[in-house]
Amino acid sequence: MEVVAVAAALGFLLLAVQGAPAGDEAREAEAVRALLARLLGPGPAAAFSVSVKRSLAAESGLDTYRLSGGGAGAQVRVLGSTGVAAAAGLHRYLRDFCGCHVAWSGSQLHLPQPLPALPEELTEATPNRYRYYQNVCTQSYSFVWWDWTRWEQEIDWMALNGINLALAWSGQEAIWQRVYLALGLTQSEIDEYFTGPAFLAWGRMGNLHTWGGPLPYSWHLKQLYLQHRILDRMRSFGMIPVLPAFAGHVPKAITRVFPRVNVTQMGSWGHFNCSYSCSFLLAPEDPLFPIVGSLFLRELTKEFGTDHIYGADTFNEMQPPSSEPSYLAAATAAVYRAMTTVDPDAVWLLQGWLFQHQPQFWGPAQVGAVLRAVPHGRLLVLDLFAESQPVYNRTASFQGQPFIWCMLHNFGGNHGLFGALEAVNRGPAAARLFPNSTMAGTGMAPEGIGQNEVVYALMAELGWRKDPVTDLGAWVTSFAARRYGASHAGAEAAWRLLLRSVYNCSGAACRGHNGSPLVRRPSLQMVTTVWYNRSDVFEAWRLLLTAAPTLAASPAFRYDLVDVSRQAVQELVSLYYEEVRTAYQSKELVPLLRAAGILAYELLPSLDGLLASDSHFLLGSWLGQARAAAVSEAEARFYEQNSRYQLTLWGPEGNILDYANKQLAGLVADYYTPRWRLFLDMLVESLVRGVPFQQRQFEKGAFQLERTFVLSTRRYPAQPQGDTVDLAKELFLKYYPRWAAGSL
């Protein structure tokens, strides 16, 4: 295996020479010290000594950290080959020696005093060059409304988790606006082209245009400001920000300015018509292609500098105009040439989702045409969904191009307990052992964040492990103790049940997209099957509640209690729906009325009340972020409507209905519940009148309800209300005995 590893390392020579110069050591060390002060406060931070020396990784060339010291009166010494490595070493000490936990839902940072001494010097090198983070879609599903305070928190989280490669795509529309104006487009043509803020990810990949727009002038200014701060902070840690590049998509107005330009109109995407999709793709041989591409990259790098890695996706979820390998190679080469015209050291980061999403189109000849069109080592492929449907193993390790083994995990930023932890645990090591492997790193590429944190904690840890975790049961037990700041037998038993059930999805059908009837437009054909035993969820719910008297002071525990209770209610919705369907099909009115009444008038309102008790589950917080990004009331209403559309209809006609579903207080009450009540009322009416249920008539009525919610200006609380533990107990005592007795 060592021979293979050496060969792979030589193949990555062009990639490996990239990185921060030695002169940045002091800056990176200072960045980690500042992170420490933000995380722990100035006093506790003084107990750590942080330094950065490139020479620590001289032999392997891979990020390395060294930990030593600690104990009464002695500083903990953290040495890293980069700022990221030092931050990862710091996190390792806090996690494994202090029992601390850093998380989206609230960190647990109770430091023991004195700080534990390390029994011996600990040195760790990462097994691969890269630890990647983000999906192009994350920018829209999770980051879209963030201000600098929230970005700062995320970049700190990235550094602590050892991330050294991440997208930095904010502000690019402002650069594109400059380019399009220089090419002769009018401001109105540009405004018509850009999507709204909540849909920019798909505008950037050429899937959409126009929908949800136009972008206000203030949006461009604020995003430019944010991008400068994001890049400065990422670089201060020694991270490599991935900037965008030209993928070939152009506004239709290009054909007015250049009537003889050679463009192809692509097919529709996502059930949108050509008013919002069917993008225009420049022919790779057209003289305008290198002009547009180099103009953009030159203007972008003049504004932001560069770290020489660029992202571009030409055929994301869109079938190319031709399957001829010669065309695909030419289209790929044109994108790469536009990069190297401006930056001879350019490396192209490509989302490999296209090969996975349309396998019937991307045969060996088509995949090979793309991969061979860029010099070896200059195309870095994200195997985006490798925990479920890896591509490296059917493309001979991407035909020698380096790739990053990624865990996608979540589609649309949905709530819902989900994970394939065993596949995640074993996958990176298996990819390294693959014959002639060209694996260059690991990555986390969720469409949306802020959920199922156990999955991300494991994946981040695997970025620094050569081998899988040997005992996931023991690992998840210690995860629970760190997360809550104390051991509790009930809580730890609950997590072991979750590990064997909701976090044990396996097989090609595993997708992190919540299809529960709760968050879907109802019909009589809804699927309620799950890959786990529901009894494990209900028992985990019971066990967590036994831990409440001990752990209720922990914000992370209260968050998890909401989340597991929410999951239990999601299961109950499926079970009551099955009773409704059975009663309707059996023409039994009384059981139908009973189950429908409980579902629509008791269970869903109770869920909304529980969600309202935690700030992470508030529609008011989500919409408040959108409004806070505005500079006027009119702009605030516009951003809020963008946000509401994304959560629900997604497009004007429900084009990707409920894809980005969330379970938020307010959304349950004013969106899901009215829809369920309409469905159930129409079922009862159908049974009473003895006429078939009219699904199409229901969908028309449901669309009106959905659209009413999107267009509403109702404000929702942005502060939690009620006590989580009391509300969870109330739900449990009402429904758990019924479930246990089989008498829902």
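1. E461 and R465 form a salt bridge in this predicted model, with 3.5 Å between the closest N and O atoms. Since a salt bridge here requires a separation within 4 Å, the pair qualifies. E461 is buried, at a relative accessible area of 11%, whereas R465 is partly exposed, at 27%.

2. E579 sits in helix α23, which covers residues 555–585, and R594 sits in helix α24, which covers residues 589–611. The pair therefore ties together parts that lie 15 residues apart in sequence.

3. As for accessibility in that pair, E579 is partly exposed, with a relative accessible area of 29%. R594 is partly exposed as well, with a value of 39%.

4. A salt bridge joins the side chains of R627 and E633, with an N to O distance of 2.7 Å. R627 counts as buried because its relative accessibility is 15%, and the cut-off for buried is under 20%. E633 is partly exposed, with a relative accessible area of 39%.

5. On the overall count, the structure holds 41 salt bridges.

Note on methods: Residues are numbered from 1 along each chain as its sequence is written. This is a predicted model: local features need pLDDT of at least 70, side-chain atom pairs count only at pLDDT 80 or more; totals for chains, interfaces and linings use all residues. Side-chain values use heavy atoms; hydrogens and water are left out. Buried means under 20% relative accessible area, exposed over 50%, partly exposed in between (1.4 Å probe, protein chains only). Helices (H or I, at least four residues) and strands (E, at least two) are DSSP runs, numbered from the N terminus.
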